[in-house]
Amino acid sequence: MNILVTGCNGQLGNEMQLLEKGCPQHTWFNTDVAELDITDRQAVEKFVSDNAIDGIVNCAAYTAVDKAESNEELCQLLNAEAPAYLAHAVGSRGGWMIQISTDYVFDGTNHIPYTEDEDTCPNSVYGKTKLVGELNVAKLCERSMIIRTAWLYSTFGNNFVKTMIRLGREKAELGVIADQVGTPTYARDLAVAIMTAISKGIQPGIYHFSNEGVISWYDFTKAIHRLAGIKTCHVRPLHTEEYPTPAARPHYSVLDKTKLKKAYGIEVPYWEDSLSECVSQLLAAE
């Protein structure tokens, strides 16, 4: 197959490129904005047609959650309209598409893990635009998978894990939110799940993927520091109201992964095992 991967310079896009080396039977087109502006409908249509694209993995998105509150137009363009352009271009060829979405399509008021068929109720610009993107992709490409994920981190790009290691080394004390819980997702594990779906065949629908387990941002930070050997930084638990942000965060964003595990026979790693692997790689690269 000829497969287009957008957002190749991001966390997930970089992890996809590492795994593509093990799948030489496909031709991979890894693009970021320099190679293909996905907000340009005509450019998207031409690229998909000229390269006879059979499938698209859309890793590109506007992910600056707080900035999105004051930059709604760009957020809408990247998260809602661009996925529609991609879905129409590949869908009209009978191709497939995997759209990466987010736990922010929910408001985080649940107390048990969110399943794919629960009502969405985003309460941020980011969440609302990602939800519109989901709807657009499902409508315009019959063979589409929506994969919602949460708390993404990797050895690539900027993310919470890297930030907490840096701040833990720089500061004697650090305050971290303790009343928001969810599950971290190692981008490499998500990339493995995506590659499994591609190899076994696209089963259209909405799916959830994050690592196993439940944790707060505070406990996540403590684990990061322990694995990174940081002992001189005191981490204090904070309430959400002590750390106000422009965009509302879900207090509970645990995703139920049963559907994806059953559909593809995927065994999802525990969050701390994956975190340990990522931190080890980060330390080894220093």
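Reader: What makes β1 and β3 a pair, and in which sense do they run?

Author: This is a predicted model, in which local features need pLDDT of at least 70, side-chain atom pairs count only at pLDDT 80 or more, and totals for chains, interfaces and linings use all residues. Residues are numbered from 1 along each chain as its sequence is written, and side-chain values use heavy atoms, with hydrogens and water left out. Strands are DSSP runs of E with at least two residues, and helices are runs of H or I with at least four, numbered from the N terminus. Two strands pair if DSSP finds at least two bridges between them; β1 and β3 (residues 55-58) have 4 and are parallel, so they qualify as a pair. Within β3, I56 is the bridge partner of L4.

Reader: Why is β1 called mostly covered?

Author: Buried means under 20% relative accessible area, exposed over 50%, and partly exposed in between (1.4 Å probe, protein chains only). Of the 5 residues in β1 (residues 2-6), 4 are buried.

Reader: What makes the 34 residues a nonpolar core?

Author: The term denotes a set of buried Ala, Val, Leu, Ile, Met, Phe, Trp, Tyr and Cys residues joined through side-chain atoms within 4.5 Å. The largest such set has 34 residues, and I224 and L275 are among those with the most contacts inside it. Helix α8 (217-228) gives the most to this core, with 6 residues.

Reader: How do you know that I224 touches L275?

Author: Contact means heavy atoms within 4.5 Å. Not counting residues up to four places away in sequence, I224 touches L275, as well as F160, V161, M164 and I165.
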